[in-house]
Amino acid sequence: MTNFDFFIDGGIVVLYLVGTIAAGLWVRRYVRNVNDFLVAGRSVDLYLGIASLAATEFGIATCMANAELGFKYGFAGITPGIALAFAMFVVGYTGFCVKPLRDKQVITLPELFEDKFGARVRWASGVVIVLGGLLNMGVFLRQAGNFLTTVCGFDMAYLEIVMTLILLGVAAYTILGGMISVFITDYIQFVVMSIGLIAVVFLVVYQFGWIDMLSSLDQIRGPVAYNPFEDDTYGLDRILLDVLLAFASILTWQTIISRVLSAKDTKTAKHIFIGTSPFMLARFAIPAILGIAALHYFGPDKFTDSEAILAMPTMFAQLLPVGLIGIVVAAMLAADMSTNSSYMIAWSSVIYNDIMKPIHKGLWSDAKGLRWNRILIALIGIFLLLYGLWYPLKGDLWVYLQVTGTIYLSSMSVLLIAACYWKPANNWGAIAAIAIGCAIPMSYLILQEVSVTQEWILEVGPYKFGAITYFAATLAMIIGSLIKPSTKKTK
C-alpha cells in the first residue's frame, strides 16, 4: 500500500528529472578537452565543492543502508558518520596527504604513485581501484529500484525496467557533460535533497513525537541503542573498522578526492573538506532517525534481519501524504543520480588515465580521449546494470559497502601515506600492499558463498576481516620496502 499518486507525485518526479537532465546536458558546451571532462578544468570554488561532495556521498543506497543501521542499532548506528566527519575535518584542517596530492595536479590517485613506485604500480593501483569501486557501486541500482518499487508501488516485476531508466538518465548527461555536468547537477540535487529529507524528518517527529520515538527505542533496543560499546552489540572490531575506513576513504576514495583535484587551489581543497565534514555526520544521522522512526512505527517484528533495509521506504509509502511523497522521491532520485554520475566518471577516469595509459601513452588527441571516456562510462553503466540484477546481497548493506571498499582503500591509503611521507617506501612494498589489501576482502566475499566455509566466515565476521586488512597492508608495505631498500627512483 502506498500514498504515491501517479499523476501528482509522478508529475513532480518527471518535472524534476527533465529539469535536471536538461541542466546537465546544457553545460556540455563547456567541455573542450579531457581535463574539463574529468576535473572540471580545476576551477571549482568552495561552495560548489561542498555541495557537490555532500550530494555525491548521499545516494539512495547510502540512505537505505544508514536507515537500516538506525533501525537495528539506534543512535549507535551513527558511529561510522562520527568517524567520517572527524576524519574529514582532521584531513582538511591539517592538509594531511591532501596538500601534496593537490599540489601535484594529478587527475587520479595512481598517477601520483608513478613518481614514487613506477608505472607498473600505477597500473596495478588502477586495476584494484576499479575492481573495488565497481563492486561497491554494483548494488546501488538494485537498492534504488527496491526503494522506488516500495515507495511508488511499482510491481517488483518492473524492477529491472526502473533500474534501467534510472541508469539511462544519469548516463545521458554524464557521458556528454562529464565532471562539469556532475558539479552542476550535484548543486541542484543538493538543494532538492536537503529540502525533501529535512521535511520528512520534521514530519515523522511531529507525527510520532520525539519522546515517544525514544521511548520505543529504549523498550525495543535498550542501552545498546545509545552506546556502541555496550554489551558488544555493535562491537569493538566494527568501531575499529569504521575509524580505519573513515580515514582511508577520506584520503583515497576517488569520488571524494576528485573534488580535491578539481578545486581551484590547495587552500580551497582543504576548506572543501572542512566545510563538508558536518554533512558526513548528517548523511548518517538523518537516515538513522528515519530508521528509528520506522522501528517505532512498525515495531521490531514486521521485518526480519535481512528485510530491515525496507523498513524506511515502507514507512514512507504508508505515512507521507500526496505531494510530499513526490518531493521525497524526487529528492532521493536527486541523491542517487548525483552518486551514480560521480561514481561512473570516477571509475572511468581511472580506467582511462591509469589502466589504459600503456595504450594511449598520453598522446591521444582531446577528441579521441573524450570519445573513449564516454565509451568507458557507457560500459560501466552496462556492467552496473547486469551486476545489480544478479548479485544476492547478504547481511547489512553497509557491511557490503565496507568490505568492497576495503579491497582498494586499505592498500591505496597505505601507498598514499608512504608516497607522501615515508622515504624508504618502494615498488616492492607497494605491490605487496596492493596484493594483500585486495586478497583478504576478496576472499571474504568468495568464502561466504562457499557452503563449507560459510559457517566459519560468519563466526569470524566481516569486521575482523576488514580491520586486519588495513594492518596487513601496512605491514606488507613495510616488509616489502625493507627487503628491497629504495636506493633510486623506479622507472
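These legends accompany close-up views of one predicted model.

**Figure 1. The overall fold is made of helices.** The protein has 22 helices and zero strands. It holds 491 residues, and buried residues make up 59% of them. Take the contacts between residues at least 6 apart in sequence: 85% of these join residues at least 24 apart.

**Figure 2. The largest cavity is lined by 17 residues**. By the rule used here, the model has four cavities of 30 Å³ or more. The largest cavity holds about 240 Å³ of space. Glu57, Trp253, Arg283, Tyr343 and Trp398 lie nearest its centre. Three helices each supply at least two residues of this lining: H12 (236-252), H14 (266-298) and H19 (397-421). H19 gives the largest share, five residues. By class, the lining has ten nonpolar, five polar and two charged residues.

**Figure 3. The second largest pocket holds about 370 Å³ of space**. Its lining counts 18 residues, and those closest to the pocket centre are Val13, Leu17, Leu148, Phe154 and Leu333. Helices H1 (8-26), H9 (140-152), H10 (159-208) and H16 (324-355) each give two or more residues to this lining. H1 gives the most, with six residues. The class count is 16 nonpolar, two polar and no charged residues.

**Figure 4. The largest nonpolar core has 154 residues**. Within this core, Phe316, Trp347 and Leu415 have the most contacts. H16 gives the most to the core, with 16 residues. In soluble globular proteins, nonpolar side chains tend to be buried together.

**Figure 5. Leu415 is one of the core residues with the most contacts**. What does Leu415 touch, not counting residues up to four places away in sequence? Its partners are Phe113, Phe117, Val121, Ser125, Ala430, Ala433, Ile434 and Met477.

**Figure 6. Ala473 sits in helix H22 (residues 462-483)**. Ala473 counts as buried because its relative accessibility is 0%, under the 20% cut-off. Leaving aside neighbours within four places in sequence, Ala473 is in contact with Ser410, Ser411, Val414, Ala433, Ile436 and Gly437. Ala473 and Met412 are 61 residues apart in sequence. Their C-alpha atoms are 9.2 Å apart in space.

**Figure 7. Thr276 is a buried residue** **of helix H14**. Is Thr276 buried or exposed? Thr276 is buried because its relative accessible area is 0%. With neighbours within four places in sequence left aside, the contacts of Thr276 are Ile50, Leu53, Ala54 and Met88. H14 also supplies at least two residues to the lining of the largest cavity.

**Figure 8. Tyr352 belongs to helix H16**. Tyr352 has a relative accessible area of 6%, so this residue counts as buried. Tyr352 and Leu376 are 24 residues apart along the chain. The distance between their C-alpha atoms is 7.9 Å. H16 is also among the helices that give two or more residues to the lining of the second largest pocket.

**Figure 9. Helix H13 (residues 254-262) is mostly covered**. How many of its nine residues are buried? The count is nine of nine. They are Gln254, Thr255, Ile256, Ile257, Ser258, Arg259, Val260, Leu261 and Ser262.

**Figure 10. The model has zero disulfides by the rule used**. Cys420 is in no disulfide. The nearest cysteine sulfur, that of Cys97, is 4.3 Å away, whereas a disulfide needs sulfur atoms within 2.5 Å. Cys420 counts as partly exposed because its relative accessible area is 25%, between the 20% and 50% limits. Cys63, at 1% relative accessibility, counts as buried.

Technical notes
Residues are numbered from 1 along each chain as its sequence is written. This is a predicted model: local features need pLDDT of at least 70, side-chain atom pairs count only at pLDDT 80 or more; totals for chains, interfaces and linings use all residues. Side-chain values use heavy atoms; hydrogens and water are left out. On a 1 Å grid over the protein atoms alone, a cavity is a set of points where a 1.4 Å probe fits but cannot get out, and a pocket is an open set with protein on both sides within 12 Å along at least five of seven lines; lining residues have an atom within 4 Å of a point. Grid points are joined across faces, edges and corners, and a volume is the space filled by probe spheres set on the points. Helices (H or I, at least four residues) and strands (E, at least two) are DSSP runs, numbered from the N terminus. Ala, Val, Leu, Ile, Met, Phe, Trp, Tyr, Cys and Pro count as nonpolar, Asp, Glu, Lys and Arg as charged, and the others, Gly among them, as polar. Buried means under 20% relative accessible area, exposed over 50%, partly exposed in between (1.4 Å probe, protein chains only). A nonpolar core is a set of buried Ala, Val, Leu, Ile, Met, Phe, Trp, Tyr and Cys residues joined through side-chain atoms within 4.5 Å. Contact means heavy atoms within 4.5 Å.
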